[in-house]
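Here is a short report on a single chain. Look over the sequence and the fold before reading on.

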Amino acid sequence: MSTEMTFNEYQDLAATTAIYPESGTGSALALAYVGLGLGEAGEIQNKIKKVIRDSGGTLTDQMRADLVKEYGDLLWYVANGLSELGVQMSDAARGNIEKLFSRKDRGVLGGSGDDR
């Protein structure tokens with residue numbers, strides 16, 4: 001396996017490790033499972049909180065490595081959630097960038113609301 005990969009390559013590989021109820025069916029149960037896994041974001045928050053509390057905001061190499069692992073776990077859930085929806089990660093990423101650049105062009109990056 002090469003060291004560089006596309007979003008879609010990652011998504012395809014992540015799907016081969018997906019062991020959860022109704023994996024790959026796009027069912028509500030499969031979506032719920034991967035949606036609940038997005039709690040990994042809370043683990044990232046806790047690690048960052050501890051960097052601030054315990055290290056005065058200074059990241060050690062170990063803290064950085066631990067955060068990278070947690071971000072990887074979060075990425076797995078995102079990839080499999082999109083797979084359950086039948087969407088390629090590259091399409092979701094492209095759509096998000098298009099939305100953000102539209103907001104930037106209209107001067108509403110800092111506003112609130114999903115449809116700004």
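The largest pocket holds about 180 Å³ of space. This is a predicted model. Thirteen is the count of lining residues, written 13 in the table below. V78, G81, L82, M89 and A92 lie nearest the centre of the pocket. Helix 2, helix 4 and helix 5 are the elements that give two or more residues to this lining. Helix 4 supplies the largest share, four residues. By class, the lining has eleven nonpolar and two polar residues, and no charged ones.

| Feature of the largest pocket | Value |
|---|---|
| Space | about 180 Å³ |
| Lining residues | 13 residues |
| Share from helix 4 | four residues |
| Nonpolar lining | eleven residues |
| Polar lining | two residues |

Helix 4 covers residues 61-84, 24 residues in total. From its first C-alpha to its last it reaches 35 Å, close to the 34 Å expected at 1.5 Å a residue. Its buried residues are L67, E70, L74, W76, Y77, A79, N80, G81, L82 and E84. They pack against helix 1 (7-15), helix 2 (28-36), helix 3 (40-55) and helix 5 (89-106). After helix 4 comes G86, with a positive phi near 75°.

Helix 4 also features in the largest nonpolar core. That core has ten residues: A14, A18, Y20, A30, V34, W76, Y77, A79, L82 and M89. The largest share, four residues, comes from helix 4.

Is N80 buried or exposed? N80 counts as buried because its relative accessible area is 1%, under the 20% cut-off. This residue is found in helix 4. Leaving aside neighbours within four places in sequence, N80 is in contact with A14, A15, A18, Y20 and V34. V34 has its own set of contacts, with the sequence neighbours again left aside: Y20, Y77, N80, G81 and E84.

E22 lies between helix 1 and helix 2. Its phi is positive, about 60°, although E22 is not a glycine. Most residues other than glycine have a negative phi. How accessible is E22? At 42% relative accessibility, E22 counts as partly exposed, because that value falls between the 20% and 50% cut-offs.

Definitions and conventions. Residues are numbered from 1 along each chain as its sequence is written. This is a predicted model: local features need pLDDT of at least 70, side-chain atom pairs count only at pLDDT 80 or more; totals for chains, interfaces and linings use all residues. Side-chain values use heavy atoms; hydrogens and water are left out. The expected span of a helix is 1.5 Å times one less than its number of residues. Buried means under 20% relative accessible area, exposed over 50%, partly exposed in between (1.4 Å probe, protein chains only). Contact means heavy atoms within 4.5 Å. On a 1 Å grid over the protein atoms alone, a cavity is a set of points where a 1.4 Å probe fits but cannot get out, and a pocket is an open set with protein on both sides within 12 Å along at least five of seven lines; lining residues have an atom within 4 Å of a point. Grid points are joined across faces, edges and corners, and a volume is the space filled by probe spheres set on the points. Ala, Val, Leu, Ile, Met, Phe, Trp, Tyr, Cys and Pro count as nonpolar, Asp, Glu, Lys and Arg as charged, and the others, Gly among them, as polar. A nonpolar core is a set of buried Ala, Val, Leu, Ile, Met, Phe, Trp, Tyr and Cys residues joined through side-chain atoms within 4.5 Å.
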